[in-house]
Amino acid sequence: MRIVVLAGGIGGARFLRGLKSAVPDADITVIGNTGDDIHLFGLKVCPDLDTVMYTLGGGINEDQGWGRTDESFTVKEELAAYGVGPTWFGLGDRDFATHIVRTQMLGAGYPLSAVTEALCDRWQPGVRLLPMSDDRVETHVAITEAGAGRPGSAERRVIHFQEYWVRLRASVDAEAVVPVGAEQAKPAPGVLEAIAAADVIIFPPSNPVVSVGTILSVPGIREAVASSQAPVVGLSPIVGGAPVRGMADKVLAAVGVESTAAAVALHYGTGLLDGWLVDTADADAVAEVEAAGITCRAVPLMMTDLEATAEMARAALDLAEASR
């Protein structure tokens, strides 16, 4: 079975671990979000690609869901001592090595897809991990903040998604979300071919705006998913009217979508989705989603452990079969 998964970071990576457990013999291709990528200290950092790679390769910090296990932060502390920022983004010493290797290879002329493949040679994630594009795409967020030094004033500005998510903790409303560079980007080699050859396509419980949505914003990818002969099944990242993890409600509001399991399904729409899984807490959403022409089932969607996550993956594959 050939499965394609459009994945963000923590939620996508943990789902993939369950999917591998559920169907260990499957040929899985992961199309990873690169809209979260950022340049820090002269280095190219790819948070979502690395989270998938570390999680499936056994090197992730399980408590955080991101970064390396057994990490230290000596380099970060030394940079801060020199007054070099930003200090709000926590790169660990082991993690720095990944970004140094990536940046050196990119500087030598290798595309991001080839660099990602080389990094995965070490980690052996058991999936084919592809960046959505070799081209630079960065998600930016428009916000309004209090003006500096002028009580009562406000300033509208656009910041990198990482600053919004990590430094500000989404504490202010997102007014717009823009994948800068996406319109000019091309799918990375192998992306469209994997979608065309897929038996099943899955949208895991990743952020529908800044993870899966950013992947779909690259010209050709949405169209390839929509025209695929494979059933497309998604799992709701919203349970009981709130994100399972993170602050997805903030960016959903920016694109005019309610934080409900049904609203996210309708946001993707029948043009993409054939099936949609909601949590049992949202069983009353099934009728609304099915009325829109999307097959829907309510199953437990909390990734409490590996077996629970594998059961979610099995439910997604069962729904895909029923949606053919």
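Tutor: Residues are numbered from 1 along each chain as its sequence is written. In this predicted model, local features need pLDDT of at least 70 and side-chain atom pairs count only at pLDDT 80 or more, while totals for chains, interfaces and linings use all residues, and side-chain values use heavy atoms, with hydrogens and water left out.

Student: Why is lysine 44 counted as buried?

Tutor: Buried means under 20% relative accessible area, exposed over 50%, and partly exposed in between (1.4 Å probe, protein chains only). Lysine 44 has 9% relative accessibility, so it counts as buried.

Student: And what makes valine 84 partly exposed?

Tutor: Its relative accessible area is 35%, so valine 84 is called partly exposed.

Student: Where do lysine 44 and valine 84 sit?

Tutor: Lysine 44 is in strand β4 (residues 43–45), and valine 84 is in the loop between α3 (74–81) and α4 (93–107). Those names come from DSSP runs, numbered from the N terminus: helices are H or I with at least four residues, strands are E with at least two.

Student: Which residues does each of them touch, leaving aside neighbours up to four places away in sequence?

Tutor: Contact means heavy atoms within 4.5 Å. Valine 84 touches Phe41 and Leu79. Lysine 44 has contacts including Asp37, His99 and Leu106.

Student: Why is helix α11 described as largely enclosed?

Tutor: Six of the eight residues of α11 (residues 261–268) are buried, so the rest of the structure largely encloses this helix. Among the buried ones are Val264 and Tyr268. The cover includes β9 (200–203), α10 (248–254) and α12 (286–291). Just after α11, glycine 269 takes a positive phi of about 85°.

Student: What makes something a pocket?

Tutor: On a 1 Å grid over the protein atoms alone, a pocket is an open set of points with protein on both sides within 12 Å along at least five of seven lines, and lining residues have an atom within 4 Å of a point. The largest pocket is lined by 48 residues, with Trp66 and Arg245 among those nearest its centre. Helix α2 (47–57) gives the most to that lining, with five residues.

Student: What is the volume of the second largest pocket?

Tutor: About 220 Å³. A volume is the space filled by probe spheres set on the points, with grid points joined across faces, edges and corners. Helix α8 gives the most to this second lining, with three residues.

Technical notes. On a 1 Å grid over the protein atoms alone, a cavity is a set of points where a 1.4 Å probe fits but cannot get out, and a pocket is an open set with protein on both sides within 12 Å along at least five of seven lines; lining residues have an atom within 4 Å of a point.
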